[in-house]
Amino acid sequence: MLKILVLTDFSSGYSRRLLEGIIRYSREAGTWSFLRMPLYYQMMHGENAVVSFAKRWKADAIIAQLRDVNLEQLNTLDIPIIVQNYHERSKHISNLTGDYYNTGVMAADYFLNRGYRHFAYYGYQNAIWSRERGIGFKEHIERAGFHCEVLENKNPNTKEWLYNTKQVGSWLEALPKPVALFACDDYYALQISETCNILNIAIPDEIALLGVDNDELLCNLSSPTLSSIVLDVENGGYQAAKLLYKSIISGTKEAFNIVVEPLYVENRASTEKYAVSDEYLQKVLNYIKENFHKPISVDDVVDLVPYSRRVLEKRFKETMRTSIYQCVLDHRINHFIKLLLSTDYHLPDAAIQSGFEDYKNVSRIFRKYKSISPAEYRKLYKKEKQQPLQ
């Protein structure tokens with residue numbers, strides 16, 4: 001029986017899904033014994049106490065959610081350690097990390113495709129996951145020719161974000177409206193939502209709000225409910241446990257990185273509007289959002305408004321930075337991705353429910369978006385059904 005010391009509190013949806021993936025692999029690999037050590041134990045007693053306990057318990061490996069700890073001291077245990085990185089990635093210990101930069105890029109594309117011209121980022125400077133998400137968001141917005149306002153805690157002596165309602169409120173009130181605001185995670189997005197409610201700033205009319213992690217408790221606690229980027233967290237936990245097992249069995253201590261990928265945006269009320277002043281373009285966009293899964297064409301859309309096809313396509317391209325056809329295609333592909341990862345539909349059935357008529361054509365289009373086939377994408381990222389405990 002392998003003994004795994006888990007040093008974390010698992011208070012967030014991210015951490016709990018991570019543990020689900022770890023447990024799922026442990027069931028396949030054999031009998032593992034987990035012992036969860038709460039973070040306050042290390043905070044109260046220091047790394048020496050953690051090391052001493054791990055030795056007494058004869059732990060085979062450690063999975064840790066660490067912030068300010070002496071990794072070199074933990075490494076004296078001479079057992080595999082996986083760190084859920086916080087301030088920086090470790091060069092000598094395996095990291096459970098994420099594609100934070102491209103998570104920010106995904107958020108930027110999401111808002112750009114909804115017609116926004118004003119952007120803001122709210123994050124935490126002392127955490128690598130927040131810094132890199134903010135950099136990815138800001139740089140992609142700037143490459144598109146726009147400016148991004150940023151509010152972060154940049155005090156290197158501050159260990160935690162000290163939420164200041166007055167400071168955040170003043171910043172929100174000063175932002176140009178309507179503005180697309182990306183928060184570093186759902187917890188920080190909820191702070192923005194609560195502050196907006198206090199100050200009577202309308203979401204999504206004045207501020208469209210997007211978080212990360214899709215923590216359903218936090219997203220549904222917000223009023224209105226929060227849209228959020230879904231991450232491949234459980235699969236990250238599964239792959240981390242798989243590599244951890246390999247390290248234990250082989251006796252090697254080679255460090256590795258497990259990268260959790262962003263998958264798609266779970267749309268909720270906080271981003272339901274488009275930032276478009278032209279009422280006819282708004283009508284077209286709403287029609288596409290509600291009917292993309294049906295066999296609609298550009299001609300169907302043109303019939304909705306008093307513009308010629310040429311005028312409508314020109315105005316749409318100038319405002320949305322994409323064509324009407326591409327907008328429909330984006331909606332269909334995004335829905336297809338969600339069905340791939342959240343259902344057991346056969347691929348042709350998922351394609352039909354997303355508005356496509358020819359699966360072979362879907363596969364070709366999908367490769368342009370993701371560089372792999374739909375079947376390969378599902379195999380990589382779909383959450384497997386968990387077997388009940390025996």
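Colleague: Does Asn126 count as buried or exposed?
Modeller: This is a predicted model, in which local features need pLDDT of at least 70 and side-chain atom pairs count only at pLDDT 80 or more, while totals for chains, interfaces and linings use all residues. Residues are numbered from 1 along each chain as its sequence is written, and side-chain values use heavy atoms, with hydrogens and water left out. The word buried means under 20% relative accessible area, exposed means over 50%, and partly exposed is in between (1.4 Å probe, protein chains only). With a relative accessibility of 13%, Asn126 counts as buried.

Colleague: Thanks! Where is Asn126 found?
Modeller: Helices are DSSP runs of H or I with at least four residues and strands are runs of E with at least two, numbered from the N terminus. By that assignment, Asn126 is found in the loop between strand S6 (119–124) and H5.

Colleague: What distance separates the C-alpha atoms of Asn126 and Gly98?
Modeller: Along the chain, Asn126 and Gly98 are 28 residues apart.

Colleague: Let's go to H5. Which residue meets Arg131 in a salt bridge?
Modeller: A salt bridge needs a side-chain nitrogen of Lys or Arg within 4 Å of a carboxyl oxygen of Asp or Glu. Arg131 passes with an N to O distance of 2.9 Å, and its partner is Glu88.

Colleague: How many residues apart in sequence are the parts that Arg131 and Glu88 tie together?
Modeller: Arg131 is buried at 17% relative accessible area, whereas Glu88 counts as exposed at 54%. Arg131 lies in helix H5 (residues 128–143) and Glu88 in the loop between strand S4 (81–84) and strand S5 (94–98), so the parts they tie together are apart in sequence by 43 residues.

Colleague: And how many salt bridges does a search of the whole structure find?
Modeller: Side chains of opposite charge can pair when their charged atoms come close. Lys273 is partly exposed at 32%, and Asp205 is partly exposed at 45%. A search of the whole structure finds salt bridges numbering ten.

Colleague: Which residues are linked in a network of salt bridges?
Modeller: Arg309 forms a salt bridge with Glu313, their closest N and O atoms being 3.4 Å apart. Both lie in helix H12 (residues 309–320), four residues apart, about one turn of the helix. The network links Asp299, Arg309 and Glu313.

Colleague: How far apart are the end C-alpha atoms of helix H1?
Modeller: The expected span of a helix is 1.5 Å times one less than its number of residues. H1 (residues 13–29) has 17 residues, so it should span 24 Å; the end C-alpha atoms agree with that, at 25 Å.

Colleague: Which residue just after H1 takes a positive phi?
Modeller: Within H1, the buried residues include Gly13, Tyr14 and Arg24. Just after the helix, phi is about 135° at Gly30.

Colleague: With which side chain does Asn235 make a polar contact?
Modeller: Asn235 lies in helix H9 (residues 233–250) and counts as buried at 16%. It touches Arg24 and Leu380, leaving aside residues up to four places away in sequence (contact means heavy atoms within 4.5 Å). A polar contact is a pair of N or O atoms within 3.5 Å; within protein, one must be able to donate a hydrogen and the other to accept it, and residues adjacent in sequence count only if both atoms are side-chain atoms. At 3.0 Å, the side chain of Asn235 makes one with that of Asp232.

Colleague: What is omega for the cis peptide bond that joins Ser223 and Pro224?
Modeller: Another cis peptide bond joins Ile203 and Pro204, with omega about 5°. Pro224 has its place in the loop between helix H8 (216–221) and strand S10 (227–231). For Ser223 and Pro224, omega is about 0°.

Colleague: Last one: what is phi of Lys58 near?
Modeller: Lys58 lies in the loop between H2 and strand S3 (61–65) and is exposed at 63%. Its phi is positive in a residue other than glycine, near 60°.
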